Amino acid sequence: MTTTGQSPEPHHDDTELAEFGYRPELKRTLGNFHTFAAGISYISILTGTFQLFYFGYGSGGPAYWWSWPMVFAGQFTVALCFAELAARHPVAGSVYNWSKKIGNAHLGWLAGWMMLIASIVSIAAVALAYQLTLPQISSAFQFVGDGTGKYDVATNAVVLAAVLILFTTLVNAFGVRLMATINTAGVFIELIATVVLITLFAVHITRGPHVVMQTNHTGSGYSTGYLGAFLVASLASAYVMYGFDTAASLGEESLDPSRNAPRAIIRAIVASFVLGGLVLLLALMSVSSLKGEKLSTDGLQYVVLDVLGPTAGKAMLWCVLIAVTVCALAVHTAAIRLAFAMARDNNLPASSLLARVSPRFRTPVLPAVIIGVLALAILVVNIRQPQIITVVTSIGIVMIYLAYLGVTAPMLVARLRGRWQPAGQGRFSLGRWGLLVNIVAVVWGAAMTVNLIWPRASVYNASAPYHWYLRWGAVLFVAVIAGGGFTYYWLVQRHRTGVLAEHRLESTSTAQEVV
């Protein structure tokens with residue numbers, strides 16, 4: 001495995017675009033920290049841990065903490081594969097273009113389509129985290145009812161999430177520089193707040209690290225014992241550690257992306273693992289009691305208020321709110337780049353409009369608006385779903401894992417056939433470890449996808465009304481999106497595929513178009 005210092009030869013930022021037949025259009029303004037910030041804000045330590053701690057703890061007890069290193073180990077192999085790809089192909093819509101390049105145009109479209117829908121669902125899922133934090137800061141933010149009604153929480157969550165999605169839409173429409181400025185400031189605050197939170201938890205510990213061996217008898221209802229409960233609880237950790245490819249997806253707007261993007265990907269996931277793992281561990285060690293029901297309902301927000309008190313606790317929750325905001329912003333940004341990349345290849349309806357770059361803001365504006373509207377539509381459809389947060393989040397994660405498999409699987413095939421060529425010129429490479437890492441990444445991705453999509457009532461239909469289609473909701477949704485989308489592509493869109501004339505590099509021939 002190698003990563004390096006300076007190349008002996010100058011490497012132009014736009015060289016990789018020529019391989020795809022694209023001409024440079026987006027403005028390169030993002031530096032090393034900007035790309036790192038984009039990756040870590042998508043992962044977002046505070047957003048993920050605070051959003052689903054209640055679910056992980058309620059499903060698996062304190063021992064669910066072990067799912068954190070498990071998920072990291074699996075996702076780290078995926079991140080290493082992505083880092084190698086980012087060094088070779090740092091282009092917008094990373095997952096789509098990577099799958100297309102190392103697989104084929106059809107697989108690339110399916111991976112891009114799944115990632116695009118997953119990103120839209122993820123925007124809605126992240127935005128729902130406002131509901132878990134704002135009412136904890138003040139009851140004034142519970143606009144719908146008093147929070148005790150059957151649909152109060154779900155409906156209010158949609159209202160708060162809609163405000164956040166409107167904000168991310170406007171910021172992204174005004175260009176990448178504004179987004180990067182807000183995102184970088186938010187990430188800086190998040191990292192400082194995370195370190196402070198870890199320190200404060202550490203000085204309030206009331207029990208030792210052996211707490212992570214307690215299961216709270218959560219495995220009693222499963223035929224496989226605690227393993228069944230643990231696999232369900234692992235959803236809480238799986239939700240956090242993805243999105244590191246965002247650093248590569250901003251490759252056409254970054255300086256020296258073939259070097260900065262791989263480093264940003266690896267640093268983002270490692271930093272998230274270390275800091276997030278400490279937050280979860282020290283929260284369990286410092287909370288006054290492990291028997292309170294609020295640990296399974298209010299989650300880490302309750303722990304913060306319990307350990308730090310109302311004043312310091314609420315100050316910390318405001319930092320969590322900032323983290324949620326920049327996370328939603330990063331997810332929205334990545335989705336826009338993916339839509340732009342697919343539209344540039346004439347692979348979406350109305351592609352010429354979706355791929356149009358604003359001459360003023362140097363960013364695709366229409367995808368920002370459409371993606372925001374679709375994310376709002378997902379929220380509206382689920383407005384009276386009592387388990388809206390868990391259901392929407394779960395579906396988003398499943399589709400992300402499937403999209404990632406659309407990259408790691410063809411990459412493995414390319415390695416086995418001897419067709420994979422690392423970037424060279426001293427850029428990041430897995431070297432002789434590449435095949436082993438890639439195999440683990442594929443096996444991990446497939447196993448975790450099955451685990452996440454499994455139609456468990458505890459995840460998809462834990463509360464009334466009980467219907468088979470709710471329990472099988474993730475399977476049905478993914479089947480419809482994948483099957484319906486690919487059918488449309490095969491019958492209609494694939495006959496139109498090819499780099500649009502206005503985005504094509506003038507010196508390239510038609511042979512370089514996507515076919």
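Q: At 46% relative accessibility, is Ile 192 buried, exposed or partly exposed?
A: Keep in mind that we're looking at a predicted model here. Buried would need under 20% relative accessible area and exposed would need over 50%. Ile 192 sits at 46%, so it lands between those cut-offs and counts as partly exposed.

Q: How many salt bridges does the structure hold?
A: One of them pairs Arg 415 with Glu 84. Another pairs Lys 100 with Asp 345. The count for the structure is two.

Q: How far apart are the closest N and O atoms of Arg 415 and Glu 84?
A: Side chains of opposite charge can pair when their charged atoms come close. A salt bridge needs a side-chain nitrogen of Lys or Arg within 4 Å of a carboxyl oxygen of Asp or Glu. For Arg 415 and Glu 84, that closest N to O distance is 2.4 Å.

Q: How many residues apart in sequence are the parts that Arg 415 and Glu 84 tie together?
A: Arg 415 forms a salt bridge with Glu 84. Arg 415 is in helix α17 (residues 388-416) and Glu 84 is in helix α4 (residues 67-88), so the pair ties together parts of the chain whose separation in residues is 331.

Q: Are Arg 415 and Glu 84 buried or exposed?
A: Buried is the word for residues under 20% relative accessible area, while exposed is for those over 50%. Arg 415 and Glu 84 fall on one side of this, as both of them are buried.

Q: Where does Asp 345 sit, given that its partner Lys 100 is in helix α5?
A: Lys 100 forms a salt bridge with Asp 345, with their closest N and O atoms 2.7 Å apart. The two are 245 residues apart, so to speak at distant parts of the chain, with Lys 100 in helix α5 (residues 94-102) and Asp 345 in the loop between α14 (300-344) and α15 (351-354).

Q: What phi does Asn 346 have, although it is not a glycine?
A: Most residues other than glycine have a negative phi. Asn 346, in the loop between α14 and α15, has a positive one, about 60°.

Q: Is Ala 350 buried, exposed or partly exposed?
A: Ala 350 is found in the loop between α14 and α15, and this residue has a positive phi of about 55°. Asn 346, from that loop too, is buried at 17% relative accessibility. Ala 350 has a relative accessible area of 48%, so it counts as partly exposed.

Q: What kind of aromatic pair do Phe 20 and Tyr 22 form?
A: A pair of aromatic rings is described by the distance of the centres and the angle of the planes. Planes under 30 degrees apart count as stacked, and over 60 as edge-to-face. Phe 20 and Tyr 22 are 5.8 Å apart centre to centre with 10° between the planes, so under that cut-off the pair is stacked.

Q: Which residue lies over the face of Tyr 22?
A: Phe 20 and Tyr 22 are both buried. Lys 101 lies over the face of Phe 20, at 4.9 Å from the ring centre. Over the face of Tyr 22, at 3.6 Å from the ring centre, lies Arg 344.

Q: How far apart are the C-alpha atoms of Val 279 and Thr 194?
A: Val 279 has its place in helix α13 (residues 257-286) and is buried, with a relative accessible area of 0%. The residues it touches include Thr 194, Leu 197 and Ile 198. Val 279 and Thr 194 are 85 residues apart along the chain, yet their C-alpha atoms are separated by 7.5 Å.

Key. Residues are numbered from 1 along each chain as its sequence is written. This is a predicted model: local features need pLDDT of at least 70, side-chain atom pairs count only at pLDDT 80 or more; totals for chains, interfaces and linings use all residues. Side-chain values use heavy atoms; hydrogens and water are left out. Buried means under 20% relative accessible area, exposed over 50%, partly exposed in between (1.4 Å probe, protein chains only). Rings of Phe, Tyr and Trp (its six-membered ring) pair if their centres lie within 6.5 Å; planes under 30 degrees apart count as stacked, over 60 as edge-to-face and the rest as tilted. A charge sits over a ring if NZ of Lys or CZ of Arg is within 6 Å of the ring centre and within 35 degrees of the ring normal. Helices (H or I, at least four residues) and strands (E, at least two) are DSSP runs, numbered from the N terminus. Contact means heavy atoms within 4.5 Å. Lists of a residue's contacts leave out its neighbours within four places in sequence.
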